[in-house]
Amino acid sequence: LERARAVRPDFAGHACVPDVCRALDGLPLAIELAAARLRTLEPEELAAGLDDRFRLLSRGDRTKAPRHRTLRAVVEWSWDLLDAGERELAERLTVFAGSATVRAVREVCGTPDPEELLASLVEKSFLEVTGGRYRMLETIRAFAAEHAARDLNTDGADALCDAHAAYFLRLAERAQPGLRGGGQLPWLARLAADRADLDA
């Protein structure tokens with residue numbers, strides 16, 4: 001709210017502010033850039049425009065270092081620090097709508113031993129890990145998806161989507177018998193954790 005009031009002193013908050021902050025993964029620069037857009041946009045317009053966050057948040061403080069002026073610049077600077085294997089896995093991880101286990105990453109992304117790459121992406125703030133599940137920040141996901149669209153040929157992208165669909169179909173098929181008996185709670189928890197990808 002402090003940043004928003006700096007550009008719009010009468011700003012008293014809005015119901016969509018928490019959603020905007022969540023959509024921007026709580027990234028301070030992204031929130032600062034979004035708050036600056038309140039000079040010309042209403043909060044609802046700002047929230048709706050986040051589907052194209054890199055275009056929307058493209059004007060920053062010209063007194064700052066170039067890599068800190070726009071959301072794209074800061075993410076691109078971090079992206080350039082990744083090695084080729086990390087970039088490739090990050091691009092492939094965009095197929096997941098939610099979080100993923102190491103097993104899911106291994107099978108869907110075709111990465112035999114992804115643990116080191118995943119750990120490196122966590123250390124470099126491209127992924128978050130909670131309870132053994134890896135989740136890509138939405139801002140990073142949007143950026144990596146742009147690269148995936150450019151770097152993966154059509155066959156590669158189709159194969160990745162097919163691997164994703166096949167993995168989650170197998171998961172649903174394995175869960176089905178377990179949902180009928182006394183051991184259904186672990187399956188319900190597992191399916192809940194994978195719901196975004198099961199729905200994708």
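User: How do α6 and α10 sit relative to each other in this model?
Analyst: This is a predicted model, where local features need pLDDT of at least 70 and side-chain atom pairs pLDDT 80 or more, while totals for chains, interfaces and linings use all residues. Residues are numbered from 1 along each chain as its sequence is written, and side-chain values use heavy atoms, leaving out hydrogens and water. Helix α6 covers residues 71-80 and helix α10 residues 138-151, and they pack at about 70° with axes 11 Å apart (lines fitted to C-alpha atoms over the stretch in contact, with angles from 0 to 180 degrees between N-to-C directions). Under 35 degrees counts as roughly parallel, over 145 as roughly antiparallel, 65 to 115 as roughly perpendicular and the rest as oblique, so α6 and α10 are roughly perpendicular.

User: Which residues of α10 make that contact?
Analyst: Contact here means heavy atoms within 4.5 Å. On the α6 side you've got L71, R72, V75, E76 and W79. Facing them from α10 are T139, I140, F143, A144, E146 and H147.

User: How far is L127 from I140 in space?
Analyst: I140 is one of the α10 residues in the contact with α6. L127 and I140 are 13 residues apart in sequence. C-alpha to C-alpha, the two are separated by 8.4 Å.

User: Which residue's backbone oxygen does the R133 side chain reach?
Analyst: R133 is in strand β2, residues 133-136, and counts as buried because its relative accessibility is 13%. Beyond four places away in sequence, R133 touches S99, A100, T101, E128, R190, A193 and D194. The backbone oxygen, 3.3 Å from the R133 side chain, belongs to A193.

User: What share of the whole protein chain is buried?
Analyst: The chain has 13 helices and two strands. Of its 200 residues, the share that counts as buried is 38%.

Conventions
Helix = DSSP H or I, 4+ residues; strand = E, 2+ residues; numbered from the N terminus. Buried < 20%, exposed > 50% of the residue type's maximum accessible area, 1.4 Å probe, protein only. Polar contact = N/O pair within 3.5 Å; in protein donor to acceptor, adjacent residues only side chain to side chain.
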